[in-house]
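Here are some brief notes to read beside the model.

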Amino acid sequence: MGRVTERRKVVRIRDGVVSSRPDTLVTEEPLEIRLNGKPLAITMRTPGDDFALAVGFLVSEGVLATASDLRNVVYCAGATADGSNTYNVVDVQTAPGVRIPDITLERNVYTTSSCGLCGKASLDAVRTTTRHPIADSPPLRVTPELLAGLPDRLRASQRVFERTGGLHAAALFDEAGELLDVREDVGRHNAVDKLVGRALQGGNLPLSRTVLMVSGRASFELAQKAVMAGIPLLAAVSAPSSLAVDLAAETGLTLVGFLRGTSMNVYAGEDRIALRAAASQG
């Protein structure tokens, strides 16, 4: 849609020298997601892959699990008072017979860190509602060396980041380290939703033999999105939250944080990491 970036005038100061020049900024706009015609949620996102974003969001909410659950996704015409289409409102239409959980506009649901639930309630909800429990058999096995190369590969594939410096990214790799897909967005959780949504649309859920690599930290929300999609390993360049670690341990997700160079911390599911020697004690 040509709306991923915008140009703005900026006053640049370098070593005391002042100049004026245009700068490329990442676009941020609201996206309203409707479910069968009813308003469901609003997220701030970078335009592009909007249908996949909405579909992936509904995977994480437990509404969609397979391509057969999805009937159609459309932009809503006449989304404004004057009847124009802003391309900021999408309606996800489910197939007949798909059960719709009780979800409100305020997103008082089990899968979000802002839902008012916490701790054990949130963990139990994800574990009991996912239709793709982590079940990689035989177990996924990756080496620390393979993991160490993923952040650079993620960064190299971020085309918009190179122009703006203002986007998060999420990428899917197979167990051999081959890049399967990568998405960028101003919101890290949106980038993951875009990946998961594209996978559902392609009939590729569950993502049972993949590694999800994300820029930044690993929050509870990102961990639950991985679990809902059946992804066995989540890696992040920064720290996980305590609840993300709890969820990983509860569901069998391998969670790797502080993945920088050859260093990393494995917070849960270390059996999927092929170590050459026993871990040091202490």
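Is Y75 buried, partly exposed or exposed? Y75 is partly exposed, at a relative accessible area of 22%. Here buried means under 20% relative accessible area, exposed means over 50%, and partly exposed lies in between (1.4 Å probe, protein chains only).

1. Basis. This is a predicted model, in which local features need pLDDT of at least 70, side-chain atom pairs count only at pLDDT 80 or more, and totals for chains, interfaces and linings use all residues. Residues are numbered from 1 along each chain as its sequence is written, and side-chain values use heavy atoms, with hydrogens and water left out.

2. Ring pairs. Rings of Phe, Tyr and Trp (its six-membered ring) pair if their centres lie within 6.5 Å; planes under 30 degrees apart are stacked, over 60 edge-to-face, the rest tilted. That rule gives two aromatic pairs. F51 and Y75 have ring centres 4.8 Å apart and planes at 45°, so this pair is tilted. F51 sits in helix α1 (residues 50–60) and Y75 in strand β5 (residues 70–75), 24 residues apart. Helices (H or I, at least four residues) and strands (E, at least two) are DSSP runs, numbered from the N terminus.

3. Second pair. Y75 and Y87 are edge-to-face, 5.1 Å centre to centre with 80° between the planes. Y87 lies in the loop between β5 and β6 (89–94), twelve residues from Y75.

4. Cluster. F51, Y75 and Y87 form one aromatic cluster. F51 is partly exposed at 27%, and Y87 is partly exposed at 39%.

5. Helix α7. In α7 (residues 220–228), nine of nine residues are buried. Just after α7, G230 takes a positive phi of about 80°.
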